[in-house]
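Keep the viewer open as you read.

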Amino acid sequence: MDAKTRERYSRQILFADIGEAGQERLRESSAAVVGCGALGTALANLLVRAGVGRLRIIDRDFVEESNLQRQTLFEESDARDALPKAVVAERRLAAINSDVKVEGVVADLTAKNAGDLLGGFPLLLDGADNFETRLLVNDYAVKGGVPWVYAAVVASYGVAMAIRPGETACLACLTETDEAAEAGEAGEAGARHSATTGDENGSSRLVAAPGTQATCDTVGVLGAAAGVIASIEAALAIKLLLGKRQALDDRLVSFDVWTGRSQAIRVGRRPDCRACGRRDFRYLAGEAQPHVTMCGRDSVQIHERRRRLDLAELGRNLAAGGGEVRHNEFLLRFRVPPYEVTVFADGRAIIKGTRDPAVARSLYARYVGA
Ligand SMILES: [Zn+2]
């Protein structure tokens, strides 16, 4: 290690559990971050500054004005220019640390491209905004024995957990009930999680039933909450990259910045888990992905898998977020200019104002929950 490098990382090298050998190892390491929103930007910033050798950032969205409150790599001009988040993140991170090879990929992670986008990375990191993507990453990681860090945040709280396939529980152990697994409905989730956590700080609401799920676009999210969870995720990532097994455990950490409550709950593996038990990787096989088709000249239809939505509840959540919502017992319609979203009770949705399936899936994940 040359003098300049030693000086740059001196405060981290002084930290006994990292030292010069650990710093060298970080430089040789790499990771892929899936999603570049509030968690992804804060996480990528920490890891690039820490000197992780190579970071790939995968994101399907464009920067919007409403992102600036918490997504720390973006500026007003990025929103004005509607630049892809992955492109902006790559540019900013390269300016922060030119030692790190940062690669922004503008893409929607799917069963089809997961192998290409995640292949070769020894660590996967969660910056996603929906459970469908997380369960896809979980399938990929469990199947290939790749460690990953699950993290999610909404409102004032969030959770994080290091998942080491074969050693710890996986995300399906944590979130899927047997019935949900049978129906391919990850969103049913929560039952098991809230049973183990007692929902004391609301973190189980991160894995609630479809349509009743709180998302950042319905109940909001504090930048402070994202910052805390991204920091916990970054520390877990560094421990995994350095192979600090003794510093890792099988606990799900949750933190609420508003109430100040935190918990660390030991999560056991389920022998009958769909993913790590029965090795049924349906998200990776694409079976659990919703089908998306064109519908008319300027609309995209999402054919959701079997899923009943509580439209009244969804309508209340959306209205609380200041949206103009109309609904009857069959459908619910709301506007997110320039789009109009119509959601049916069986989970199907039509998004008017776009021909891009990625935009439609993104709107669905953000406002309906996935
Ligand atoms: Zn499992």
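Four protein donors hold positions 2.3 Å from the zinc ion: C170 (SG), C173 (SG), C273 (SG) and C276 (SG). A donor here is an N, O or S atom within 2.8 Å of the metal (3.2 Å for Na, K and Ca); water is not among the atoms, so sites may look incomplete. This is a predicted model, in which local features need pLDDT of at least 70 and side-chain atom pairs pLDDT 80 or more, while totals for chains, interfaces and linings use all residues. Residues are numbered from 1 along each chain as its sequence is written, and side-chain values use heavy atoms, without hydrogens or water.

The site of the zinc ion is tetrahedral, with angles of 95 to 124° among its four donor atoms. The ideal for four tetrahedral donors is 109.5 degrees. Along the chain, the donors of the zinc ion are spaced C-x2-C-x99-C-x2-C. C173 and C273 link distant parts of the chain, 100 residues apart. C173 sits in helix α9 (residues 171–175), and C273 in the loop between β8 (262–266) and α14 (282–285). Helices (H or I, at least four residues) and strands (E, at least two) are DSSP runs, numbered from the N terminus. Both C173 and C273 are buried, meaning under 20% relative accessible area with a 1.4 Å probe and protein chains only; exposed is over 50%, and partly exposed lies in between.

Now turn to strand β1 (residues 30–34). Five of its five residues are buried. S30, A32 and V34 point one way from β1, A31 and V33 the other. β1 pairs with strand β2 (residues 54–59) in the parallel sense, over five bridges; pairing takes at least two DSSP bridges.

G227 belongs to helix α13 (residues 223–241). Why does G227 count as partly exposed? Because its relative accessibility is 27%. Its C-alpha atom is 9.6 Å from that of V153, 74 residues away along the chain.

A cavity is a set of points, on a 1 Å grid over the protein atoms alone, where a 1.4 Å probe fits but cannot get out; lining residues have an atom within 4 Å of a point. The second largest cavity holds about 40 Å³. M1, T5, Y9, Q23, E24, R27 and G51 line it. Helix α3 (residues 19–27) gives the largest share of that lining, three residues.

How values were computed: Four donors count as tetrahedral if all angles lie between 85 and 135 degrees; four count as square planar and six as octahedral if opposite donors are over 155 degrees apart and all others between 65 and 115; anything else is irregular. On a 1 Å grid over the protein atoms alone, a cavity is a set of points where a 1.4 Å probe fits but cannot get out, and a pocket is an open set with protein on both sides within 12 Å along at least five of seven lines; lining residues have an atom within 4 Å of a point. Grid points are joined across faces, edges and corners, and a volume is the space filled by probe spheres set on the points.
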